[in-house]
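Please look over the sequence and the structure below before reading on. The paragraphs that follow go through the model step by step.

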Amino acid sequence: MTHHSHNGGTSMFTKGYRRKSKPAARPGAIHIPAGAIKPTIRMTCYGPAELEDKQNCTFEDVQKMRGKHPVQWVDIVGMGDETLFEQIGKLFGIHRLALEDVVNIPQRAKVENFKDHLFLVCQFPRHGKKHTFEQASFFVGKDFVISWREHPSDCFDTIRDRLQFTGRALRDMGTDYLMYALLDALIDSYFPSLERIGDQIDRIDVELEGGPSRPLIIRLHGLRHDLRLLRRIVWPLRDAVDSLTNRHEWLITPETSIYLRDCHDHVVRIIDSLESYREACSDLRDFYSTEVGNRMNEVMKVLTIISTIFIPLSFMVGLYGMNFDPDVSSWNMPELKWRYGYPAVLLLMSGVTIGQLLFFRRKGWLSSFTTVNNKSHANGEIP
Amino acid sequence: MTHHSHNGGTSMFTKGYRRKSKPAARPGAIHIPAGAIKPTIRMTCYGPAELEDKQNCTFEDVQKMRGKHPVQWVDIVGMGDETLFEQIGKLFGIHRLALEDVVNIPQRAKVENFKDHLFLVCQFPRHGKKHTFEQASFFVGKDFVISWREHPSDCFDTIRDRLQFTGRALRDMGTDYLMYALLDALIDSYFPSLERIGDQIDRIDVELEGGPSRPLIIRLHGLRHDLRLLRRIVWPLRDAVDSLTNRHEWLITPETSIYLRDCHDHVVRIIDSLESYREACSDLRDFYSTEVGNRMNEVMKVLTIISTIFIPLSFMVGLYGMNFDPDVSSWNMPELKWRYGYPAVLLLMSGVTIGQLLFFRRKGWLSSFTTVNNKSHANGEIP
Amino acid sequence: MTHHSHNGGTSMFTKGYRRKSKPAARPGAIHIPAGAIKPTIRMTCYGPAELEDKQNCTFEDVQKMRGKHPVQWVDIVGMGDETLFEQIGKLFGIHRLALEDVVNIPQRAKVENFKDHLFLVCQFPRHGKKHTFEQASFFVGKDFVISWREHPSDCFDTIRDRLQFTGRALRDMGTDYLMYALLDALIDSYFPSLERIGDQIDRIDVELEGGPSRPLIIRLHGLRHDLRLLRRIVWPLRDAVDSLTNRHEWLITPETSIYLRDCHDHVVRIIDSLESYREACSDLRDFYSTEVGNRMNEVMKVLTIISTIFIPLSFMVGLYGMNFDPDVSSWNMPELKWRYGYPAVLLLMSGVTIGQLLFFRRKGWLSSFTTVNNKSHANGEIP
Amino acid sequence: MTHHSHNGGTSMFTKGYRRKSKPAARPGAIHIPAGAIKPTIRMTCYGPAELEDKQNCTFEDVQKMRGKHPVQWVDIVGMGDETLFEQIGKLFGIHRLALEDVVNIPQRAKVENFKDHLFLVCQFPRHGKKHTFEQASFFVGKDFVISWREHPSDCFDTIRDRLQFTGRALRDMGTDYLMYALLDALIDSYFPSLERIGDQIDRIDVELEGGPSRPLIIRLHGLRHDLRLLRRIVWPLRDAVDSLTNRHEWLITPETSIYLRDCHDHVVRIIDSLESYREACSDLRDFYSTEVGNRMNEVMKVLTIISTIFIPLSFMVGLYGMNFDPDVSSWNMPELKWRYGYPAVLLLMSGVTIGQLLFFRRKGWLSSFTTVNNKSHANGEIP
Amino acid sequence: MTHHSHNGGTSMFTKGYRRKSKPAARPGAIHIPAGAIKPTIRMTCYGPAELEDKQNCTFEDVQKMRGKHPVQWVDIVGMGDETLFEQIGKLFGIHRLALEDVVNIPQRAKVENFKDHLFLVCQFPRHGKKHTFEQASFFVGKDFVISWREHPSDCFDTIRDRLQFTGRALRDMGTDYLMYALLDALIDSYFPSLERIGDQIDRIDVELEGGPSRPLIIRLHGLRHDLRLLRRIVWPLRDAVDSLTNRHEWLITPETSIYLRDCHDHVVRIIDSLESYREACSDLRDFYSTEVGNRMNEVMKVLTIISTIFIPLSFMVGLYGMNFDPDVSSWNMPELKWRYGYPAVLLLMSGVTIGQLLFFRRKGWLSSFTTVNNKSHANGEIP
């Protein structure tokens, strides 16, 4: 049922901003959310010349490879192990507050600059049967990148494929470029969502010209909800990516900075689209309202024309349905006895009707029906 | 009764911005509000190695411990004693304007930098039967923290619990970190309020799809009021916390600054939620309006269809209810004497009715009823 | 009559931004407004040890005391003497444009920094039977403060009272602190106006829940007008006071700057209230609109239910009121001659009515009446 | 006819932003608009001691006086001579793009700083039968001011009058002060337009309280159009004047800068008024809408009350108008033969009517009429 | 059919922001869009003294002329050849990301500063039967300008014409000036679109005063769509052109910078127009809504007046149509036997009607009709 899908969106949105850790808890305390899956680690170590890729690593594997290669990429999926947080934090010298943010889902997208690593966290859409969001956290040092997600997904597979080839930028450049590549992959996953929303808006627009109906407005209401949600997630992302392109020169080379600028362009384009969709939704809702008003107006006109024509006529026929006795006196409804009484009344009624029609024509009420038929023609003038 | 709770909110809000002190009074004059409770002092002095916690202190106790420990935390609840203000002000060298702001409730959240202490004031929600706000003021010097509230509450109890343990950051670090911990506890108390509002919005959304009703719009109106109030209190808090993270390096160490940045993140997240809720409320109100319009439209259609079908029919039956005497002349209602007069009229009326139904179908008025039933299906397309 | 009071507001507002001096006149030309009252001068000269207060001074008195005391406060009320402007301007070395601004009422609040004096001009509310504004101009030099108003008022009396006491800040500090004290007194005079508006909004809110009525919307319309007016006057004041706290160090000591920051806080609080009231007014207007829509909906439902039930019934009774002669043929209304014709018709009509009621119940139109009665209960859920 | 005036406004507004020169034409090309009048030159050369004013100069006159006096003011009216542009441009060393902007009407107000002259262009209202705008361009060098307008007007006459007097600032100061004086004169010409709009708004406000009517909303629609137009013209003017007060010190002395700040104040005041008028217009439109809604509601109530009372009564009288034959059986309308049948029916109908009136009273529909009459009283509470 | 044209606009708009390259593809990968036409190259090399213009060049021609002339302008139309991108990129040292942006249509307008060339990309309207946009990309180095478009158009023909003449700025100045000239030509192509939209708005305004009709609102809806689209394209252009005027001094001379400032003025003017049109559209939609409300109100009044007059009359005539038998008792409808029964009833009905008309007049419902006729007169007051 649709309502569930919509409601699911709503509840995710609320959940999203519920702070998981106990209020007034010790800062930096890591509270594993209930039902979190056990983490699996995939480690990819590489340099211009070498590449080692190992699935299902243990923490000891990670510890062993520390500092052996120019880039050590540790990709962790799952949060259900508090000791792993402690170990990773210790091994790579990660600040407790950053580790806390990995677990406390969802976070606003942000970049934090710690002494010898950057911490980057952002949300990205997961495409499945339901429209949900996933959080990805990155720790980027001079020689390591740690990515941490809650659920398994294939969003980084293309990156791993590209790592197979020597002589590509990805292999020759440092951790900053890997971070860029991962971020770019996540940002790209927004575009299908945008397209789906854009298609929805187009479809509603087309259907709306066929006339307003309640399901349209409910779909529009759902779209606005989704746009609100997306917007809240993407706006902080812009600031985060922007700060990556401008600051943190100790980690990010000018060459990578050019690529991050490109990334920033994409985020700005997403925001442009969202704002444009929002306006389109508002315009559609206004259009819907005027359409409902137009319809109501037309309905009222029909009612009024019919009523106004027939109510006086009904009065007249009622008049001559009265049972005053014409035999009592010649004052009592002598018309009933007239030779041409009935035709005279019919004539009078015709006259009244014609008069009313002329009145309506002067008011332009009758022409409205023709105008509606002219629609396709008038419409043709839109530039 | 609900209205009281709502009105109570309103009056608090108004009261909040009534300036208590006499207009054009001497600046720095301390006017104890009528009905203020007698202050009770709880003093907690500590350093990495020692901890002394004393309830129900007198001012002399505070004076005696001045400068004896790395951190002297004086937690005062209640405002009903003007001399205490004078004494505290003198002992810790606090500016009169800051003391005045402690009493003049409510203040906008702000941070003031005096020569040798920071003054920080903010509002936080109190959770009880009614939805009210409490003001907390802090004076933070190199070796003391004074917190001053109007009513007793348990919001600082977790902090005191954490102080029991040696080897924790709270014990090892200075007054700036204690200030952070207190502030963090207050900010955390906003989240339950937000959740409650978010739940309300979700519930209204679900109920609204079942059809618009007056209680819904009254609840929505109340929610908007609460959001307005919260927003007015939280926005200045953001600036205050932001200024803590950036300035005042004489007091705040870089290490604490990282924690305050986290605090700032929480405030921004609260503001994000509030703005999002505001938009959701606006969307719901618009949705409500279109729903009311839709309903009205449907009601009008039913009225118009029924009227338009029966009014002409009633005219016709009225016509043949006229008492023109067919015996006077053959011009007078000869139909009444026709053999098949009655069936002919019935046939004519059926024809008129069918014609009108066709007209309505062409206008799409009849289909609207089916469309409404299609709702759940159409709804299923929401992405 | 109310309308006058409202209109009075409007015309003041228009007048307020009418430029008094002839277009393209010589800049700095002083055009005394018609009907201006003769100026009266009250001079208060003081230092930490001495105080001289003289009412109804002449210009010569002022000239004689020039430079004799640390602070020479010249408080002028009335504008009807062009030569006084010339004399004062010459004696204190005041720029002609500043003098022009004193006369050209109303000015936007602003601070102008001339070579050896500050010029500060602002509006403040006068509390009387009507809601009007008064302009106060200040010239502040190293050893003099000139305040110039159009009409007598008691807003500075508390300042003079406070000057009586030695050992107070006001006596020990310089002209900058006196300027602060005067400004603070003026700003305090805004709070009663705000309270009155807040009370109005609360009252309208309560009355509106009892149902929409035209007087409510007219009062709301008047409130919006007043808020627009106040806002236009207070916003520039904020910038003016802000500039006082940050710049002009040649005149304003750091100590006074702390007090001016407090002043600035008050202005910001006024603006916060105004914005909040504006939003509350908008919400109330929207609430009013939805209430009117709700009412209309309910009215329409009653009309439709009554019409829809009785119009077909009326048709039926009209049908059997036709005068077709059953004696002519057995085709003509044989029902009239049936034994149970009348009861059968009554039964049929009952059946139609029950069917319609069931239809209305399915549509949920009947339940709306009960829902309205549930109001107080549903309302109880507001957090 | 009004519509022309309105439409005239609209077309000016469109024309205003039509670029006259051929698309992709050589930049700096001067295309004299068709129908431009022949230029007439008036030259006023002066210094503290001397003044020479000559009407209907030729270009040769201008050339001869070049550099002979401290200030050479060349006031040109009319654009119909391309060679004059070339000559003036060459003589005073004016950039071609600036000359192009003189002809391409209308320009956004702006200040351009060329090597040895400032170029300033702005729009100002012309007061005549129609509401149009005129463009004025100024070239200001160390010893010359060129002003160039399209049509003759008297806006600079006061300046020339003031130049007659020695010992005035205008004579003693340089070209920057003359520029200020000319600009001030143009800005002053906005105030009568503002007043007219303010008066209109007041009048609509008053009339609207008497009840909504279509002409009011059409006038309001026209006012919004005018405000949109004015706003579009004045906003860039603010930036232009602001840049004059802050930059271009090579030309503008600090003394003149004080006067320009005054000018800037006036522009800001105009903008304040425009924004305030815009809001007032919005409020009036909303007020109009609610008034229309109120009226509709009242109309509907009257209709519903009348219908609801009489439709059941009509049904009842129709019922006893049926022609079932009471003689056939005692089941057929025995009431007709009852002794007190008629009075019983009348009583029944009275009962129904009273019941309905009570129902309406409980719903508060009847009271609305009294409330409307209470209007003037309720209104009296507006503060 | 209109709807197609509108829908075409919508789909272009969606397409516009669909990212063509495969998600998570290698950055800098060039994916030629399907159906791209084969590129044709036109090369124009020139300096103050020489000019060589060659159509249908090969890449080898371009390579040969590299560095031979002060300015080498390579104008490429069409994208269907991936090797050309590689070759051009290598020859001129262009960054891969920039080349990717040439193909990935549409891009937001932007300026990117690479080591030894600027990359500028923007959209401009193509004028044909349909309203579409074309993307133009420019690479500008010290001695080369590459312009790259998707489809052939004549927008640069005037530039080539102007290049024929020696002694013009275009020939004497460098690549920066050529870039300015090309950009200026593209920006000029916006003005006809603006004019068309302005004309549409004027026409809708005029027609709307004749009364609201559905085609008007559909055209307005289409206009808003177009404005949204244009706005989204022009806003980034402003920032791009602004950055050209301020930065990149290594390429852009101060002289050219003056011209670019002029360009920037034009973009700002376009934006001004768009914003103004948007507001005009909003005003028109609001005006439409109030007009629909007015109409509805008038329709309702007619219905109510007619119903309210005739429904009681119908009741009365129905009353005397009842068949109570006056012969049974003198209580049963004795009026029917009165001598003046019928005239009395007619009189009573006349009285009721007159009473109701007076009631309507007091309510001001009848006067509305006259007011509407007064329209043209009232309208005449618009300033």
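Where in chain E is the place of H248(E)? The model is a predicted one, and in it H248(E) sits in the loop between α9 and α10 of chain E. The phi of H248(E) is positive, about 60°, although H248(E) is not a glycine. Most residues other than glycine have a negative phi, and most peptide bonds are trans. H248(E) counts as partly exposed, because it has 15 C-beta neighbours inside 10 Å. A residue needs 20 or more such neighbours to be called buried.

H248(D) has a positive phi of about 60° and is not a glycine. The loop that holds H248(D) runs between α9 (214-246) and α10 (254-319) of chain D. With 15 C-beta neighbours inside 10 Å, H248(D) is likewise partly exposed.

The peptide bonds also deserve a look. In chain C, I105(C) and P106(C) are joined by a cis peptide bond with omega about 0°. P106(C) belongs to the loop between α4 (96-103) and β4 (110-113) of chain C. In chain E, the bond from I105(E) to P106(E) is cis, with omega near 0°, and P106(E) is in the loop between α4 (96-103) and β4 (110-113) of chain E. For the helix α4 itself, turn to chain D. Six of the eight residues of α4 (residues 96-103) of chain D are buried, so the helix is mostly covered. The buried residues of α4(D) are A98(D), L99(D), E100(D), D101(D), V102(D) and V103(D).

Next comes the make-up of a single chain. Chain A contains 12 helices and seven strands. Of the 383 residues in chain A, 44% are buried. Among contacts in chain A between residues at least 6 apart in sequence, 67% join residues at least 24 apart. One of the helices, α7 (residues 175-188) of chain A, has 14 residues and reaches 20 Å from its first C-alpha to its last, close to the 20 Å expected at 1.5 Å a residue. In α7(A), 13 of the 14 residues are buried.

The strands can be followed in chain C. Strand β3 (residues 71-77) of chain C is mostly covered, with six of its seven residues buried. β3(C) pairs with strand β1 (residues 40-46) of chain C in the antiparallel sense over seven bridges. β3(C) also pairs with strand β7 (residues 144-149) of chain C, in the parallel sense and over six bridges. W73(C) in β3(C) has T44(C) opposite, and in β7(C) its bridge partner is V145(C).

I233(B) lies in α9 (residues 214-246) of chain B. I233(B) is buried, because 23 other C-beta atoms lie within 10 Å. Leaving aside its neighbours within four places in sequence, I233(B) is in contact with Q123(B) and F133(B). I233(B) and H248(B) are 15 residues apart in sequence, and their C-alpha atoms are 23 Å apart in space.

The unreviewed UniProt entry annotates residues 302-320 and 340-360 of chain A as "transmembrane region". In the model, residues 302-320 of chain A are 95% helix and 0% strand, with end C-alpha atoms 28 Å apart. Residues 340-360 of chain A are 95% helix and 0% strand, and there the end C-alpha atoms are 30 Å apart.

How are the chains arranged?

Terms used:
Residues are numbered from 1 along each chain as its sequence is written. Chains are lettered from A and ligands numbered from 1 in the order in which they are written. This is a predicted model: local features need pLDDT of at least 70, side-chain atom pairs count only at pLDDT 80 or more; totals for chains, interfaces and linings use all residues. Helices (H or I, at least four residues) and strands (E, at least two) are DSSP runs, numbered from the N terminus. A residue is buried if 20 or more other C-beta atoms lie within 10 Å of its own, exposed if 12 or fewer, and partly exposed in between; C-beta atoms are placed from the backbone. Two residues are in contact if their C-beta atoms, placed from the backbone, lie within 7 Å. UniProt positions are given in the numbering used here, feature names are shortened, and annotations may be inferred rather than shown by experiment. Two strands pair if DSSP finds at least two bridges between them. The expected span of a helix is 1.5 Å times one less than its number of residues.
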